[in-house]
Each structure stands twice: as structure tokens, then as C-alpha cells.
Amino acid sequence: MPEVLKAPLVVEFPFTRSLGPVQSAFLTGLRERVVLGVRTSDGRTLVPPVEYDPVTAEEIHDLVEVAPTGTVTTWAWNHEPRRGQPLGTPFAWVLVRLDGADTALLHALDAPGPDAVRTGMRVRIRWAKERSGGITDIACFEPYEGTAEQLTGHDGRFEDMVTGIVAPARLDYVYSPGRAQSGYINALSGRRNVGERCPSCRKVYVPPRGACPTCGVATAEQVEVGPRGTVTTYCIVNIKARNLDIEVPYVYAHIALDGADLALHGRIGGIPYDEVRMGLRVEPVWTDGGGYPDHYRPTGEPDADYETYKELV
Amino acid sequence: MPPIRDIAVVAFAQTDHRRTSDELSEVEMLIPVLHDVLDRTGLKTSDIGFTCSGSTDYLAGRAFSFTMALDGVGAWPPISESHVEMDGAWALYEAWTKLLTGDADTALVYAYGKSSPGSVRDVLSRQLDPYYVAPLWPDSVALAALQAQALIDAGDTDEPALAGVAARSRSSAATNSHAQVRGSRAQGEYLVRPLRTGDCPPIGDGAAAVILAAGERARELCERPAWIRGIDHRIEAHSLGVRDLTDSPSTRLAAERAGAFERPVDTAELHAPFTSQEVVLRKALRLDDGVDVNPSGGALAANPVMAAGLIRIGEAAARIHRGESDRALAHATSGPCLQQNLVAVLEGDAR
């Protein structure tokens, strides 16, 4: 079997999220070095605060200040911090019940080693130097043996509330398209189009994905198709896509390559857009180092008879 | 209330789970399993009344990745099909309800996951609360470690006991040819203390499939159907700091609603990817030493994410098919620290 292809794939997105009144107050509070919880109707204080009581599902919104000091309720020593985590040096993940709260907040604890951490230890928030209204405004927790810190007496009302957060997310993959698609891409590098024939219905699929979607069976028999083909249907694109260096209007078409039982799609060039038609015979135009046909152009042959491609429209 | 119709698991198949399968696309990995499970019943894809799958785009790094896998089930001409962005155990739950309505008599349920292309510890962090937790990037092992420490502090377990769970699981897996990690293995170094490598599931790729059938159809397709006597799933509050991490009330409630406590079970297939989670589940499910827990080796022997829960139901059913069990409990979980839990009770006909 020829080598299966692999390539890095990075999925990255800045998720923009709006905050409700409770989360907005909490994150604005962090920006101002004030920690707020929310009071349930039975008198518990939830930190971090949520908009609905996790027990009764009742809507809750009474904000109360809690202290920046608290007690570790459980912990785990992280000797190898990963990308994006609060500290770059070894640290403990901790759940901390802040003084005045009935529930615990997840964050990092800066400590010299696992022997310096225990459940029940007293800790204090270390604020980030620059704060903008996010959970990372708490840089981390640090051990604290002093007395409980005073509350600021804040009522949870701020000017200039934080109403949203941007949470960037990035995941790194090594993508492999698998056997069938690797075969297709490898063939393209030699300017050939290959499909795979279904052992059951005998149809040739291109690009091949290793399975016949009609029969639900694996395909393996490689079949060279094209290079010429027939336009089975098309559309005229009038909107210029960003980062796409093609003048509008242009034509995007379904093209049934000779020998294939499934049409693939590609751009039609070398002919005015309003002269493209169903049945037009086309051939691929390759550019140097392109990896796949840049577009398809008319071959000059007579148009294909509708009967020859009607199953592929 | 007893189910309106009797519905059984009549066939189960799975891949040999492996650390990587990069020579195969998802559908290429899945097809042999789909054919295997159909062959066990003699059904063709066109005979199946309802198809439901479980998988996640976050493992593949691609949107709508499950649509590619549909090529493997013969989705043309159009079939009755659905998908859950969860473990296949929840796809099975959806299929079970579909059969209960009477709209279908058979269902194909499949699930797959390839963890090898990415970093599954980081991938799973994207399912966390996006406001307060996900920006800190706590990985799946770290969250499980917090739960393990809570159990140790509560006196429910200790590191040697956790090592014992790991050893028993992998020794049970010695006879499971599909398992990824079999036989004795060192507990290893701490990944996130107090969890060592041996306390954590292997990272790997795999797929599984199950066929459900109702009433007489089940008897035609399987010599000893594994009847689903009850199935239920429940969820905990999403904030970890609100929960008692040493307990799993959602598992207990799901088990109660599934009828698990009405009579003892002889087998329990628990979806506990971390050794410490087996401690929590045994307590929540009131399992004593008379119950054969994870004879397959469980998720500590193979944990293809999104399929591992469905595999628990499949393994429990297969024991009933083989006559090795009469009444089995199967459990599946999803989310951090046993956030969501599904319990099914399976029985064979009296012998």
C-alpha cells in the first residue's frame, strides 16, 4: 500500500460569547478585584455564580460579595502544564470554597510542590496585573495563612459592565484522509484522476472515500477516470469570495468525468460565463504545483447528448 | 411502568482498538464493524428500520464529520437516520425509544472515535463551561485527578486500591482480543497526581455497532436475545464545584429508574475510564464482590472515545448471548468526572 498522507491541521476560533446579568456582574467584579456569588432562595451562595439554581432550576440573581480567601476542597498536582493553562510552572489544580461561599471554584494554585498542598489548606486569590473581565483575571491562588480578608462592601453594581467575553480556542491535529482519499490525492499529484468502483453496483465514485454510499460496502478497485468530462449542471457566481483571486461572474459546475458515475465540481474557464451549458465537454487545466486542476475548459468537442449523463445530474 | 414492547440487543461487533489507525478514514475503520454486526443477524442494510450513530466533530477536527461515516451504512436511497454528538450509548437510547414507538422493528446503532489525530486530553476540555472553566484549559486527566483526590480524602480509596482496579481490569482484558491494553502493566508515573498512567485509559481509535430488535423479530435474529429491561440516563449540575465528586447521584437515579435494584445482577460493564471512577460507580450502583465487574477489561483496557459506552452495553449483551450472564448492568458516561450517566439492565430468557 502506498504511503498514507498526513498533514498538520489547526482548528482555531475566537468564540465570542455574551453574558447574562449574573455572569456579567461576576466577571466585571473580577476586573475590579471583587468576587461575587449568587444567593439561592434557600440561602446558599454559589461561587462561581450561575443564573439558575442547579437544584431547583429556579432563576436566581441576588448577588453577594464573598472573600478573596478560601479553603481547598480537593486538588491535583500538575507537574507538566499544558498550553493555555493558568501557570507555566508546575502547579496544583484546586477547587476552592471561598469564605462566604457554599460551592467551589476551579482554578490553579501556585505552590512549590505537591508536599505543600493539602485539602483544607487556606489560600488567597492572586490577581492578574491586567484584568479585562474574565476568569483569567484571577491569575491563580496562592497559599495564605493570614486572617480572612475584608470584604469591600460592594453591592455588585458597576459602571461599564463587561457584557461579553472572547474565548479563543485552538486544537492541533495531524489529519490523515485515510487509504482511499490518499490514493486520490497521490494520483492528482501525477495529474491523474482516480475513482473507486463499487464491487456490488459497479459504479465508479470520484473522489473515492472508500465506501459505496448506496450499497454500504467498502470499495477498493481503483479506476482511472477522465481527464475529459461533461458539465451536468452549473451555477453562475456573482459574489467575490474573500481571498479568492477570481473575477466574477464565473461558473461553478458539476462535471462528470468520463468513466465516473458521480459528478465532481470545479470552475469552468476559457469560455464566457453566459455560454456555459449542460452537456458542455470540458478538460482540466493544471497549473504548476497546483495539486489539483485549477479549472476546466471547453475541449471543442460537440456537446454530449443528454441521455448520456442524465443519471448524473 | 414496563416498556410497551420488548426490545433486545441481538448483535454486537467492535474493532480491534488501537493507538492509531491513520491508514484508515473513519468510514474505512467503521465498515468492517458494520458488516460484522449485520452478518451476525443475516440482515442487510436495507432491512434496518432505523439507524443512529454517536461520534464527535471535536475528535475529527471537522464539521459534520458523521456525514462521511454515513457512506458505510448505505444511506442511499434515503434511510431513517439520526446522530447524537455523544457516546453511542445515547444513540442506542434514541434507537430504543424509536423502537418503542413502533415506527421500526430493528435498529442499527454505531459509534466511532479516532483520538489519534489530536490530543484527546485537550479536545475534551472544549466540552467544559465556556465562561468559567474552558478558558483555564483543564484537561480530562486533571479533572479526573481532582475527583480521585476527593475520594482519597474521603477515605473511599487509596493509591494501592486504585492500582488494584487497574491490574484487575487489564488482567480481565487478557482474554479480550479487541482490547488495546492487555495483561499486566506497570502503574507508571504520575500523569496528574494522584493519577498514574495505569489509572488512566489508553488513548486509541475504534468503533462499535449494535443491532436492536423488537419482540418476535429479536427471537428470529438471535438465539438468546439480551432484553433491555430498563434504560435511563441522568445528568449532574455542570459546575464541578457544586457537586460531591465522591458520589454519583445521577448514576444511582438512572439505575433505579432502569430497575437495576429490583434484583441482583451477575455482571456489570461500567464505563469508568479512570480507576477512581470505578470506585464511585460501585458505590452508586451498590455492586458487591459477587458481581463480575468489567470482565471485558472495561475502558481501562480500551477507550475509543464516543464508542466506549456503547461497547459496555455490547459487551454485557454479548455475555447474555453466550449464556455467561442472565442479568447484566451496563453503564455509560460522558463529560468530566462522571457528569452524565446512562444505565441499562439486560436480561436473557430464563434457562
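A:Arg33 lies in the loop between α1 and β2 (35–39) of chain A. Helices (H or I, at least four residues) and strands (E, at least two) are DSSP runs, numbered from the N terminus. A:Arg33 is not a glycine, yet its phi is positive, at about 60°. The model is a predicted one, in which local features need pLDDT of at least 70, side-chain atom pairs count only at pLDDT 80 or more, and totals for chains, interfaces and linings use all residues. Residues are numbered from 1 along each chain as its sequence is written, chains are lettered from A and ligands numbered from 1 in the order in which they are written, and side-chain values use heavy atoms, with hydrogens and water left out.

A positive phi is also found in chain B. B:Leu338, a residue other than glycine, has phi near 60°. Its place is the loop between β11 (327–334) and β12 (340–347) of chain B. B:Leu338 counts as buried, at 2% relative accessibility. Buried means under 20% relative accessible area, exposed over 50%, and partly exposed in between (1.4 Å probe, protein chains only).

Two peptide bonds of chain A are described next. The bond from A:Val47 to A:Pro48 is cis, with omega near 5°. A:Pro48 sits in the loop between β3 (45–46) and β4 (62–66) of chain A. The bond from A:Val248 to A:Pro249 is likewise cis, with omega near -10°. A:Pro249 belongs to the loop between β16 (229–237) and β17 (250–257) of chain A.

The largest nonpolar core has 58 residues. Such a core is a set of buried Ala, Val, Leu, Ile, Met, Phe, Trp, Tyr and Cys residues joined through side-chain atoms within 4.5 Å. A:Phe26, A:Val35, A:Leu109 and A:Phe141 have the most contacts inside this core. At least two residues each come from α1 (21–31), β5 (69–78), β6 (91–98), β7 (105–109), β8 (122–127) and β9 (138–143) of chain A, and from α6 (140–153) of chain B. The largest share, 8 residues, is that of α6(B).

Contact here means heavy atoms within 4.5 Å. Residues up to four places away in sequence are not counted for A:Phe141, which touches, among others, A:Val94, A:Val96, A:Leu98, A:Leu105 and A:Ile125. A:Leu106 is found in strand β7 of chain A. A:Leu106 is buried, with a relative accessible area of 6%. Leaving aside neighbours within four places in sequence, A:Leu106 is in contact with A:Trp93, A:Val94 and A:Leu95, and with B:Val133, B:Leu136, B:Pro138, B:Leu143 and B:Leu146.

The size of an interface is often given as the accessible area lost when the parts come together. Between chain A and chain B the buried area (accessible area, 1.4 Å probe, that two parts lose on being put together, summed over both) is about 4800 Å². Carbon and sulfur atoms give 60% of this area. A:Arg82, A:Tyr173 and A:Arg209 supply 13% of the area that chain A buries against chain B, more than any other three residues.

Across this interface the rule finds 4 salt bridges. A salt bridge is a side-chain nitrogen of Lys or Arg within 4 Å of a carboxyl oxygen of Asp or Glu. A:Arg209 and B:Asp71 form a salt bridge through their side chains (2.7 Å, N to O).

A:Gly156 lies in the loop between β9 and β10 of chain A. A:Gly156 is buried, with a relative accessible area of 6%. Beyond neighbours within four places in sequence, A:Gly156 is in contact with A:Ala25, A:Leu36 and A:Leu63.
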